[in-house]
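Please look over the structure shown here. The numbered points that follow are meant to be read with it open.

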Amino acid sequence: MLTENIEKLNKLDSKLSAVFYTQSLLEWDAETIASIGGVEERAIVAGKISEIYFNTFINTDVENLLEELNERKAELDEITKAKVSIYKRKFDNIAKIPVKDYSDYQVLISKSYSAWEKAKNEEDFSIFAPFLEKIIIYQKKFIKLRGKSGHPYNTILDDFEPGITVEILDEFFDKLRDSIVPLVQKVCDKQSKDIDFINQKFDIAKQAEFSEYIIPKLGFDNSRGMMTTSVHPFTLNLSRNDVRITTHFQENNITESIFTTIHETGHAMYEQNISEKYGLSALTTGVSMGIHESQSRLYENNLGRNINFWNFNLPILKHLYEKELKDVSIGKWYAAVNHVKRSLIRIEADEVTYPLHIMVRYEIEKKIFSEDIDVNELPSIWNDLYEEYLGIRPKNDAEGILQDVHWSGGDFGYFPSYALGSAYAAQFEKTMRKKMDIDKDLNNLEMDEIKEWLKENIHKYGSSKMPSEIIKDATGEKFNSDYYIEYLYNKYDN
Ligand code: ZN
């Protein structure tokens with residue numbers, strides 16, 4: 001019986017993984033090269049494939065199978081045990097929502113994206129507000145149906161970062177706010193303002209050349225993945241052997257494409273280094289948003305904005321842009337790529353002010369799910385919080401509450417994982433520094449030691465370990481945000 005059930009689970013896993021692979025391929029196509037004219041048929045196909053996924057997964061046979069295996073968990077091998085856990089989580093998250101609500105909600109989501117886009121273009125929140133209101137009503141209903149205890153926001157936080165709760169985040173963000181707000185002030189007062197050279201005209205073909213040069217140097221395996229461009233850069237894994245990243249180029253900004261490429265390469269390294277023993281499985285992907293962001297941010301900030309990394313790479317960049325970067329010394333370059341600025345747009349924010357942008361969204365989402373809030377009040381709550389945390393106030397909703405796409409897709413609970421990612425990265429770096437000379441490695445652009453540590457302690461496990469287990473096993477202690485604050489102060493307060 002047990003052997004039979006394990007066999008059934010493996011079959012289910014490979015079937016669902018194949019459906020998921022197809023969904024991902026469609027998504028990749030839609031975001032990169034698909035024609036605008038084909039949007040309707042693509043939506044139909046995407047809908048049909050979602051139905052196949054739902055019908056294959058959400059039924060009593062699968063429910064019983066997972067129950068039976070879960071009862072005999074102690075007898076299972078490690079891989080099967082991890083598969084049971086991951087599928088039980090996925091099942092419980094969807095199963096309690098009635099099919100009708102599920103599909104009505106999907107329709108609402110697809111319509112609200114264009115409402116959000118229009119609202120943003122016209123700088124008018126009232127176009128998006130009725131959609132947002134409905135999405136919130138559905139989300140609150142789903143949270144109730146899913147029946148988890150504790151703060152209602154915890155249920156959706158857990159979707160993106162398993163194990164994370166309001167209690168943990170309140171403490172994390174309180175501590176961050178107390179230390180970062182004064183740090184921002186200090187840095188802004190004394191830092192170099194000589195950064196305009198970044199916004200000269202930089203030939204895009206050469207930017208692409210630098211991106212293509214740097215990704216394999218960072219460890220990306222070009223034979224098991226590729227890079228192209230898209231409006232909103234992202235990483236997508238069809239399998240560990242086919243990991244795709246996108247970047248984007250701006251002619252009047254040299255740093256944008258460089259750090260986007262390094263960031264996405266960090267995500268890709270995680271996916272490419274997952275152990276091959278899991279095969280094509282739900283386990284063969286990064287475990288959570290927070291751990292994923294820890295890898296992209298570690299590459300982008302902890303490594304990519306380190307002065308030693310640029311000791312090696314600035315001469316190469318200067319060779320490409322002999323005229324534009326002629327007078328740029330290493331000191332000037334380092335100061336420019338680590339420039340701190342109070343700004344309104346999250347995705348353009350520097351390392352130090354970034355978590356403040358996340359705190360605004362966290363405070364608002366927490367409020368939405370614990371109070372009865374009128375959506376029309378949200379823009380002014382947003383603007384007040386920006387004024388309080390960052391000392392600046394948006395002039396319109398496009399540079400305020402409408403800037404991010406997430407809420408139009410119902411992705412509440414997502415934002416905190418960005419800040420957690422930076423904090424996890426600092427804790428990982430601290431541990432790595434006890435085992436290796438990161439600065440020396442970067443100075444010679446020798447990435448093997450760094451890559452190997454990340455692979456052995458984080459990447460290879462895929463989704464077979466929970467985020468908290470990965471952190472504990474890799475660093476010897478549970479998540480501790482002090483390392484993040486220490487990292488920021490060491491780097492910026494000197
Ligand atoms: Zn990312």
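This is a predicted model: local features need pLDDT of at least 70, side-chain atom pairs count only at pLDDT 80 or more; totals for chains, interfaces and linings use all residues.

1. Thr60 and Glu71 are exposed, and they sit on the face of H3 turned away from its buried side.

2. Which residues of H3 are buried? They are Val62, Leu65, Leu66 and Leu69. Viewed down the axis of H3, the buried residues fall within an arc of 95°, so they line one face of the helix.

3. What do the buried residues of H3 pack against? Their neighbours are helix H1 (2-32), helix H2 (39-57) and helix H4 (78-95).

4. The length of H3 can be checked. Helix H3 covers residues 60-71, which is twelve residues, and at 1.5 Å a residue these should span 16 Å. The C-alpha atoms at its ends are 16 Å apart, so the two values agree.

5. The start of H3 has a contact to look at. There, a side-chain oxygen of asparagine 59 comes to within 3.2 Å of the backbone nitrogen of aspartate 61.

6. Now turn to the sheet. It is open and has three strands, in the order S1-S3-S2, with mixed pairing. Strand S1 (225-229) and strand S2 (235-239) are at the edges; each has a single partner strand, so one side of each is left without a neighbour in the sheet. From one strand to the next the twist averages 20°.

7. In general, strands of a sheet pair through backbone hydrogen bonds, either parallel or antiparallel. S1 and strand S3 (residues 242-247) run parallel and are joined by five bridges. Threonine 228 has threonine 246 in S3 as its bridge partner.

8. S2 and S3 run antiparallel, with four bridges between them. Serine 239 stands opposite aspartate 242 in S3.

9. Is S3 enclosed or open to the outside? Six of its six residues are buried, meaning under 20% relative accessible area, so S3 is largely enclosed by the rest of the structure. Asp242, Arg244 and Thr246 point one way from the strand, while Val243, Ile245 and Thr247 point the other way; all are buried.

Note on methods: Residues are numbered from 1 along each chain as its sequence is written. Side-chain values use heavy atoms; hydrogens and water are left out. Two strands pair if DSSP finds at least two bridges between them. Helices (H or I, at least four residues) and strands (E, at least two) are DSSP runs, numbered from the N terminus. Axes are lines fitted to C-alpha atoms, for helices over the stretch in contact, and angles run from 0 to 180 degrees between N-to-C directions. The expected span of a helix is 1.5 Å times one less than its number of residues. Buried means under 20% relative accessible area, exposed over 50%, partly exposed in between (1.4 Å probe, protein chains only). The arc is that of the directions from the helix axis to the C-beta atoms. Contact means heavy atoms within 4.5 Å. A polar contact is a pair of N or O atoms within 3.5 Å; within protein, one must be able to donate a hydrogen and the other to accept it, and residues adjacent in sequence count only if both atoms are side-chain atoms.
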